[in-house]
Amino acid sequence: MPENTLDDLVVVKNLRKTYGATVAVDDVSLTVHPGEIFGILGPNGAGKTTTVESIAGLRTPDGGSVRVAGLDPHTSRGEITSLIGVQLQSSELPDKIKAREALELYASFYPAPRDPEELLAELGLTKVQNTAFAKLSGGQKQRLSIALALVGNPKVAILDELTTGLDPQARRDTWELVRKIRDTGVTIILVTHFMEEAEHLCDRIAIIDGGRVVALDTPAGLVEAARSEQRISFRLPAPLADDTVLTSLPAVKTVAVDHDRFVVTGNDDVLVAVVTELAARGLAPIDLHTEQTTLDDAFLLLAGKNFEGAN
Ligand SMILES: Nc1ncnc2c1ncn2[C@@H]1O[C@H](COP(=O)(O)OP(=O)(O)OP(=O)(O)O)[C@@H](O)[C@H]1O
C-alpha cells in the first residue's frame with residue numbers, strides 16, 4: 001500500500017470499534033483526498049455509521065487511528081468541530097423550529113460560520129425559511145440537514161444516508177446538490193446503502209462489509225476488477241444428472257440456479273468450457289446470455305455475497 005501523502009485529508013488506519021460483544025468496526029483503513037466525493041457503501045449493520053462517527057470524533061475507537069488534516073478527532077474536538085460538518089441519520093430538530101432559526105442557531109456555535117441567508121438560497125430553502133421544521137417536506141428536511149452540516153464552513157462534510165426515504169426525483173436533485181457542494185471545495189464523505197447512488201455520485205468508493213473494507217476504488221475500477229470474471233446464464237432442455245458436472249470444470253468459479261436458469265461465473269474460458277461440456281452430454285443450452293458486469297457483481301465478487309441494501 002502506498003504511503004499516505006500530505007494531501008490525504010482523512011486517514012483511517014486499522015480502525016476498530018466494539019459495543020460490548022458486537023464488533024461494529026473490525027478493521028477499517030481508508031484515506032480521503034481533498035475535493036473528492038468519497039462513498040462508504042455497504043449493507044445494513046456493516047459499520048458505516050460507526051466509521052464516520054469515529055472520523056467526526058463522536059466515537060472513541062478501541063483500536064487503530066483516525067487523522068483529519070493531521071489532527072486526532074478525539075483529542076482535538078474543538079478544531080475538528082470546525083473542520084467537519086456532520087449530517088447524521090438521526091439529525092432531528094424540534095418540530096416548531098423554523099428553517100432559518102435552526103441555521104442561525106447552529107451558525108452561532110462556530111467561529112467562522114457561513115451566512116445562513118446565502119446557504120438557504122444555495123439549498124433552495126429561501127421560500128420555506130419561516131416554515132416550521134415539522135411542516136417541511138422530506139426533501140426540504142433533508143436539504144436543511146445538509147445546510148446544517150455546512151453552516152460551520154467545514155472542509156469535510158459527512159452525509160449519512162441522505163437520500164433514504166426520498167422519491168427518485170428528489171434523490172437525483174440531492175445528488176446534483178452534493179456535486180455543487182463539492183464544487184465549492186468541500187470534501188464529501190457520503191454514507192449510503194444505495195449502490196446506484198454510490199455509482200453516480202462518488203469519485204471513489206470503499207465497500208464495507210462485516211466491519212471491514214472489502215474493496216476501495218473508483219466505481220469504474222470496481223466494475224473492472226469484477227470484469228475479469230465472466231458470467232453466463234442459460235436454461236437446459238433436461239436436468240443435469242449431477243451438479244458437479246459444471247462446478248468441477250477448472251474455468252468455472254460459481255454455479256447458481258435461479259428458478260430453471262443457470263448462472264455460471266468463471267474466467268475467460270467459462271463460456272467455451274461450459275458449452276463444450278454440455279454438448280458432450282447431449283445438452284444444448286437454451287437462451288444463453290453472457291452478462292455485463294455491474295457494481296452489484298463487483299460487490300458479489302468482493303464480499304462473496306449478495307448486496308442486501310441494493311435497490
Ligand atoms: N451505540 C451502539 N450500541 C450497540 N451497538 C451498536 C451501536 N451502534 C451500532 N451498533 C451495532 O454495530 C453494528 C454496526 O452498526 P453501524 O450503524 O455502524 O452500521 P451501518 O453500516 O451504518 O448500518 P446502517 O446502514 O443500518 O445504518 C451493528 O450491528 C449495530 O447494531
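Which strand and which helix each supply at least two residues of the shell around the ligand? In this predicted model, the two elements are strand E2, which spans residues 22-32, and helix H1, which spans residues 48-55. Of these contributions, that of H1 is the one that gives the most to the shell, with three residues. The residues found around the ligand are Tyr 19, Thr 22, Ala 24, Gly 42, Asn 44, Gly 45, Ala 46, Gly 47, Lys 48, Thr 49, Thr 50 and His 193. When the shell around the ligand is sorted by class, eight of its residues are polar, three are nonpolar and one is charged.

With regard to the overall division of the protein, domain 1 covers residues 10-224, whereas domain 2 covers residues 228-292. The C-alpha centres of domain 1 and domain 2 are separated by 43 Å.

For helix H3 (residues 99-107) and helix H5 (residues 138-150), the angle is about 20 degrees and the axes lie 9 Å apart. Since angles under 35 degrees count as roughly parallel, H3 and H5 are therefore described as roughly parallel to each other. The crossing in which H3 passes H5 is right-handed. On the side of H3, the contact involves Ala 99, Ala 102, Leu 103 and Tyr 106, which meet Leu 144, Ala 147 and Leu 148 of H5. The residues of this contact of H3 with H5 comprise seven nonpolar, no polar and no charged.

Helix H5 also packs with helix H6 (residues 168-183), here at an angle of about 15 degrees and with the axes 11 Å apart. By the criterion for angles under 35 degrees, H5 and H6 are therefore likewise roughly parallel to each other, and H5 passes H6 in a right-handed crossing. From H5, the contact draws on Gly 138, Gly 139, Gln 142, Arg 143, Ile 146 and Leu 150, while H6 provides Ala 170, Thr 174, Leu 177 and Ile 181. By class, the residues of the contact of H5 with H6 are five nonpolar, four polar and one charged.

Technical notes
Residues are numbered from 1 along each chain as its sequence is written. This is a predicted model: local features need pLDDT of at least 70, side-chain atom pairs count only at pLDDT 80 or more; totals for chains, interfaces and linings use all residues. Domain bounds come from an automatic or database domain assignment. A residue is near a molecule or strand if its C-beta atom, placed from the backbone, lies within 6 Å of it. Helices (H or I, at least four residues) and strands (E, at least two) are DSSP runs, numbered from the N terminus. Ala, Val, Leu, Ile, Met, Phe, Trp, Tyr, Cys and Pro count as nonpolar, Asp, Glu, Lys and Arg as charged, and the others, Gly among them, as polar. Axes are lines fitted to C-alpha atoms, for helices over the stretch in contact, and angles run from 0 to 180 degrees between N-to-C directions. Angles under 35 degrees count as roughly parallel, over 145 as roughly antiparallel, 65 to 115 as roughly perpendicular and the rest as oblique. A crossing is left-handed if the near helix is turned anticlockwise from the far one by less than a right angle, and right-handed if clockwise. Two residues are in contact if their C-beta atoms, placed from the backbone, lie within 7 Å.
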